[in-house]
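Subject: Structure for your review

Dear colleague,

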Amino acid sequence: MDLLMPVVNFGAIMPELILSVVAMVLLLVNVFLKTEQKAYLGYLSLLGIGYSLYVVMTAWGTPQTGFSGSVLQDNFALFFKGIFLVGAALTVLIADQYVRREECNYGELYPLILFATVGMMLMASGTDLMTIFLGLEVLSVSLYVLAGFNRKNLKSNEAGLKYFLLGAFSTGFLLYGMALTFGATGTTRIAEIAKVAAASSAVVQNPLFLVGMLLMAVGFSFKIAAAPFHMWTPDVYEGAPTPITAFMSAGPKAAGFAAFIRVLMVALPTLKADWTDLLWILAVLTMTIGNLIALNQDNIKRMLAYSSIAHAGYALVGFTAGNSIGTAGILFYMLTYTFMNIGAFAIIILVGKKGEPNNNVSDYAGFGFKHPVLALVMTIFLFSLAGIPPMAGFMGKFYLFSGAVKAGYVWLAIIGVLNSAASVYYYLRVMVFMYMKDPTEQFDWVKMTVPVFITLIICVVGVLGAGIWPAYLLGLAQNAMPF
Amino acid sequence: MDSIFFYIVAATAVISGILVVGCKNPINSALSLIMTFFSLATLYVMLDAPFMAAIQVIVYAGAIMVLIVFVIMLLNIRIESGKRYMHTRVMGAILGAVVLIETLYVIMRPASQNLTGGKGPVDAAMVLNVGHTELIGRALFTDYLLPFEITSILLLVAIVGAVLLAKRKV
């Protein structure tokens, strides 16, 4: 028989390759380090992330396909890869101080973060349902472990277990949807799926195809924590170690959107009428449920968990619009959300004590007088989350909602704006405690390490920069939308 | 003949699948799961996929089930009384019935009658000519090389995670 050679193009997966190699090297180096030396692994992983980010930037504008169509590294994938790498770098920066304090300084933290990032990047560039699924699995398995990372803490154990069980359940939905889509079209390449569906109306009318789309939507909705598939979010966000919560709310959510957008827009444009209705309902439910329950939360990590559900809803508004400004708005929003959310979680890490007994909003009473600069930084992040100009959050919401208005979904935009107004209440509540209440107990002097300081500077610059000069980033995002 | 056989095997798979979640004794659940796996293997044979059937029996019904039964016996899991989750079971039954009715409605629509899915490049004659194992090998190392390689990363992550979470002292 003749020798078959696979079509290989390592250029298309270069950023993933770099991170995987670095992560494996870290696993080996980890064996030789003492507990107090684990921070070196963090610096090494930052080097890897930096190199990977450099590759991503140089690859901008030159789409590459590889592995006979399994991956396509276009601007869309590159933009998302940039988001994931920024999120991973910021997480690594804030992790060290936390794991030292909580005495869970295991070296596996850094390789797992890198592997999770590899999974996310594969989801963003995958053009085959198998690649997307396996990328999602690499991401999920890493996250299950990371959520339960503080293994001596019961809440962390609960978070890991809960996320694992529900995640496995939702993976079943996703995989079943992919299998039915494969059954209806006979291919797993998403470009081919679109071709087969466009060529014959029998395929489009086939119930398998429609049910496959629905089940895949359920699977992705779980990943982006859209209501009614959001139940896991508060418990997991509250129980997981705080840096990991920051990581989960930024990167994996964006990765879910990347895969969701690519599958729906590239593979299933023939069902656009069906999935637009679906997204409309999902967006309204997600925004409303997230914001309503967030109003009532005392624990600040839980509050931010529900707020992250609401933010997924805002992004879904742009997705429903489906036009250039709405979808580019999602990319813009996911990047700026990374800055503001990880920044807010960095402050939570600084304020927290060992075992995190003081994660309630009321524990922030008097914070503004004791630490005026940190409180100001927190205020910037909270204003941005609430969507108040000139922070980045405002511009992000502006693009998403104006996309919806342009596409004719005026009611959706109105519901979004109303939700956004309601959300101001719970963000401002933290500020009221910080600036207008007397401290109930004495604050410990906040110990800030250099990496956390750098994180805060990057996040503030990101939030303000993207808020005041949004045109550059939006231009990149629009450039990244091929569909 | 084929379709009668299909219905028998499919019914066995579904019934033993229900028994997996319905049995009170975990060992009975595990044994029902073996039954499900064997029914699935039979379905693979009927779909001209003998290699898949063999793998299903060797890996799932063989290796993995031995592991599951072994763990159940090692941990000596108590038999659940079955009262604790009654209210969720009612909710689950209602939701399950709704989904079932929806699915049946979609499938029974006149528009959905006699519809077949799209076909890939591989058909029964090709499987007979070239051989099932060779076809899988070709697909795995050419078209699906990247997913195949990602699997290795996935397994590595799973091993690292299992060791990290379960080891007595890290």
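In the lining of the second largest pocket, α3(A) gives the most, with nine residues. This is a predicted model, in which local features need pLDDT of at least 70 and side-chain atom pairs count only at pLDDT 80 or more, while totals for chains, interfaces and linings use all residues. Residues are numbered from 1 along each chain as its sequence is written, chains are lettered from A, and side-chain values use heavy atoms, without hydrogens and water.

The second largest pocket has a volume of about 710 Å³. A pocket is an open set of points on a 1 Å grid over the protein atoms alone, with protein on both sides within 12 Å along at least five of seven lines; lining residues have an atom within 4 Å of a point. Of its 26 lining residues, M57(A), V86(A), L335(A), F339(A) and L473(A) are the closest to the centre. The lining divides into 23 nonpolar, three polar and no charged residues (Ala, Val, Leu, Ile, Met, Phe, Trp, Tyr, Cys and Pro count as nonpolar, Asp, Glu, Lys and Arg as charged, the others as polar).

The structure also holds four cavities of 30 Å³ or more; a cavity is a set of points where a 1.4 Å probe fits but cannot get out. The largest cavity has a volume of about 80 Å³. α2(A) supplies the largest share of its lining, four residues (helices are DSSP runs, H or I, of at least four residues, numbered from the N terminus).

Terms used: Grid points are joined across faces, edges and corners, and a volume is the space filled by probe spheres set on the points. Helices (H or I, at least four residues) and strands (E, at least two) are DSSP runs, numbered from the N terminus.
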